[in-house]
Amino acid sequence: MAGNLKGKVALVTGASRGIGKGIAIGLGESGALVYITGRSVNQTDSIDSISGSLLETKSAVEKAGGICVVVPVDHSDDKQIKSLFEQINREQNGQLDLLVNNAYGGVRSLIDATGKPFWESDLSLWDACNQVGLRSHYVASHFAAKMMTQRKQGLNVTISSWGGLAPIFGVAYGTGKSACDRLAAEMAVELKPFNVASISLWPGIVGTEQFHQLAGESLEGTESNLGVSAIADKFNWETPLFVGRVIAALCNDSNLMQRNGKVQIVAELANYYGVVDEYGHCPASLRSLRFLLPQGLPMLKSRAKLIPDLRVPWWLILLAILKSPKI
């Protein structure tokens, strides 16, 4: 299980629900002081039918043993992001040990565009995926780096996706996630002399409120979409808390700088650190035979634990599975 984060200050963006909420709880579980942002302070503020609010997350973080500070922020507004970091700087005497760039505004738009090629989707899909979810990560990292480099320590985690490497949810999504990976790698180069790490983190298929809803909806006509078909049966799902516990363990890694600038896979880190979810499970990496074989032979899903948890080498994935990018 993750080590102790008492005395550490963390910021998780987009934490009213989903992965962000699970990350905040995982950090609180380890004793961190966690700032959380989002637009829905109370459930009545929610802009869609999915439940979740910052105050609910705050309650869950405190129940897990952490300290939580709610800051309402619309991450499409640079001024609000700047104000957020000014508040943390003021209240914590310049200390910020961890930034988790998680805020994302594209889920509902992606669901609405399911099954459509990019030229038949509304042009607004691009901004929905990449305004809050790429540009906002750059802005938050800009202000976080000012604090972390002063103290010569810190970790910047950018939540990305396998969609940065393989076609999953379409052009706007995949391009944005690939850019997130590049953003993390480029920042790592400039932050390394200041002992600040930057990584891109790939969760697997995470059972968020949105994905539970999506799995329950009619998915006719989406058989060719690997992302949607993998969501539909809830096979090998990770929990939001599982992601949080992995990040907490990452914060305690004395060799963290060796991971600087690289894509890190949640399930593989969990296996390395000995992290399990709240049910005692450690889901397989999406490049593990334990996940891949049942995708081709669905009858194996009920016996997946009998399949060796062997990871397919990247070179083979690039050669045999991925359609792009080709270099």
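The model is predicted: local features need pLDDT of at least 70, side-chain atom pairs count only at pLDDT 80 or more, and totals for chains, interfaces and linings use all residues. Residues are numbered from 1 along each chain as its sequence is written, and side-chain values use heavy atoms, with hydrogens and water left out.

**Overall make-up**

- The protein chain has twelve helices and seven strands. Both are DSSP runs numbered from the N terminus: helices are H or I with at least four residues, strands are E with at least two.
- Of the 327 residues in the protein chain, 53% are buried. Buried means under 20% relative accessible area, exposed over 50%, and partly exposed in between, with a 1.4 Å probe and protein chains only.
- Among contacts in the protein chain with a separation of 6 or more, 71% join residues 24 or more positions apart. A contact means heavy atoms within 4.5 Å.

**Helix packing**

- Two packed helices are described by the angle between their axes and the distance between the axes. Axes are lines fitted to C-alpha atoms, for helices over the stretch in contact, and angles run from 0 to 180 degrees between N-to-C directions.
- Helix α1 (residues 18-29) packs on helix α2 (residues 54-64) at about 25°, with the axes 7 Å apart. α1 and α2 are therefore roughly parallel to each other. Angles under 35 degrees count as roughly parallel, over 145 as roughly antiparallel, 65 to 115 as roughly perpendicular and the rest as oblique.
- The α1 and α2 crossing is right-handed. A crossing is right-handed if the near helix is turned clockwise from the far one by less than a right angle, and left-handed if anticlockwise.
- On the α1 side, the contact uses Lys-21, Ala-24, Ile-25, Gly-28 and Glu-29. On the α2 side, Glu-56, Thr-57, Ala-60, Val-61 and Ala-64 take part.
- The axes of helix α3 (residues 78-91) and helix α5 (residues 124-151) come within 10 Å and cross at roughly 25°. That makes α3 roughly parallel to α5.
- α3 and α5 also cross in a right-handed sense. From α3, the contact residues are Asp-78, Ile-81, Lys-82, Phe-85, Ile-88 and Asn-89. They meet Arg-135, Ser-136, Val-139, Ala-140, Phe-143, Ala-144 and Met-147 in α5.

**Aromatic rings**

- There are nine aromatic pairs in the structure. Rings of Phe, Tyr and Trp (its six-membered ring) pair if their centres lie within 6.5 Å; planes under 30 degrees apart count as stacked, over 60 as edge-to-face and the rest as tilted.
- One of the pairs is Phe-118 with Trp-119, edge-to-face at 5.3 Å centre to centre and 85° between the planes. Phe-118 is exposed at 55% relative accessible area. Trp-119 is exposed too, at 62%.
- Trp-162 and Trp-202 form a tilted pair, 5.0 Å centre to centre with 50° between the planes. This pair links distant parts of the chain, 40 residues apart. Trp-162 sits in the loop between β5 (154-159) and α6 (171-191), and Trp-202 in strand β6 (residues 196-202). Both Trp-162 and Trp-202 are buried.
- Tyr-104, Phe-169 and Tyr-173 are linked into a cluster by ring pairs.

**Charges over rings**

- The charged end of Lys-177 sits over the ring of Tyr-104, 4.4 Å from its centre. The cut-offs: NZ of Lys or CZ of Arg within 6 Å of the ring centre and within 35 degrees of the ring normal.
- Arg-259 places its charged end over the ring of Tyr-272, 5.1 Å from the ring centre.

**Buried residues**

- Gly-26 lies in α1 and is buried at 1% relative accessibility. Not counting residues up to four places away in sequence, Gly-26 touches Leu-241, Gly-244, Arg-245 and Ala-248.
- Gly-26 and Ala-64 are 38 residues apart in sequence, with 8.0 Å from C-alpha to C-alpha.
- Ser-16 lies in the loop between β1 (9-12) and α1. Ser-16 is buried, at 8% relative accessibility. Beyond four places away in sequence, the residues it touches include Lys-21, Thr-37, Ser-40 and Gly-52.

**Positive phi**

- Asn-93, in the loop between α3 and β4 (98-101), has a phi near 55°, a positive value in a residue other than glycine. Asn-93 is exposed at 73%.
- Lys-152, in the loop between α5 and β5, also has a positive phi, near 55°. Lys-152 is partly exposed at 48% relative accessibility.
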